Amino acid sequence: MFSLLPSRIHIRVEVSSRGGKAARRAFEFGRTYVVRPKGKHQATVVWLHGLGDNGSSNFVRILSYCLVLFGSWSQLLETLPLPNIKWICPTAPTQPITIFGGFPSTAWFDVGELSEDAPDDVEGLDAAAAHVANLLSTEPADIKIGIGGFSMGAATSLYSATCFTSGKYANGNQYPANLSAVVGLSGWLPCSKTLRNKIEGVEEAARRAVTLPILLCHGKGDDVVPYKFGEKSSRVLASTGFQDVTFKAYNGLGHYTIPQEMDEVCTWLTSKLGLEESSSS
């Protein structure tokens, strides 16, 4: 069963500018699609789309031979054998994207290039992570919560994981969500160079890093977000104290998903979230 949350949500983030004045950067998030659990509600997972897509977009670029069966991430998630999960599929803001020469597109944050030295859009990442946390803020206390995504959505999920671990966003505001699992498909870890500084010497951050389960999956044939970025993200997380990181590689897989990958996501989520394996309640 599908439902819609309010179609427009505005978030304003104060960004320091030259001269000591604060500029306001507005983010207008699009429609949010919700897939209700078919069985007993045990977990809620926010699933984030990639660059240029939306919460219920057609994903010709994402699925290959399964395209005839599924038309959107929300529709795909509804078919997974995970009846105890409520899926929330938000839509990113439309904003100018540097890698597109400033042409506007739906994106969780701005991106110029994928390289070791490319700057991170920390303001955009904070706004996206705050939006996701807000979507999870009304979930019952006994419901386990997680975040997952594809490509740029995976990057946003991993950034949210680092905010949860450190207990705050890069702007210093408290991160409120209590994450139980994070999934990233064909993505990368933003702000990887500063992650160690967030964890080392902070007892609570180190404890959260040890216990937070993270699943990373990446195709070796990915020509959009190269495989090396997924592999390096896994290494960086492991080296900074994240002890429950699983990395899955797929020979020949490009920048899309396949049934084998989604099957492994289902198995992993069932285990890490402690879900009932029955088809209904």
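Q: How many residues has α3, and how far does α3 reach from its first C-alpha to its last?

A: This is a predicted model; local features need pLDDT of at least 70, side-chain atom pairs count only at pLDDT 80 or more, and totals for chains, interfaces and linings use all residues. Residues are numbered from 1 along each chain as its sequence is written, and side-chain values use heavy atoms, without hydrogens and water. Helices are DSSP runs of H or I, at least four residues, and strands are runs of E, at least two, numbered from the N terminus. The expected span of a helix is 1.5 Å times one less than its number of residues. α3 has 15 residues and reaches 21 Å, close to the 21 Å expected.

Q: Is α3 enclosed or open?

A: Buried means under 20% relative accessible area (1.4 Å probe, protein chains only). In α3, 15 of the 15 residues are buried, so the helix is largely enclosed by the rest of the structure. Just after α3, G167 takes a positive phi of about 85°.

Q: Which residues of α6 are buried?

A: An α-helix has 3.6 residues a turn, so residues three or four places apart point the same way. In α6 the buried residues are Y227, F229, G230, S233, S234, V236 and L237. They pack against α3 (152-166), α4 (195-199), β11 (214-219) and β12 (245-250), where contact means heavy atoms within 4.5 Å. Just after α6, G241 takes a positive phi of about 105°.

Terms used:
Buried means under 20% relative accessible area, exposed over 50%, partly exposed in between (1.4 Å probe, protein chains only).
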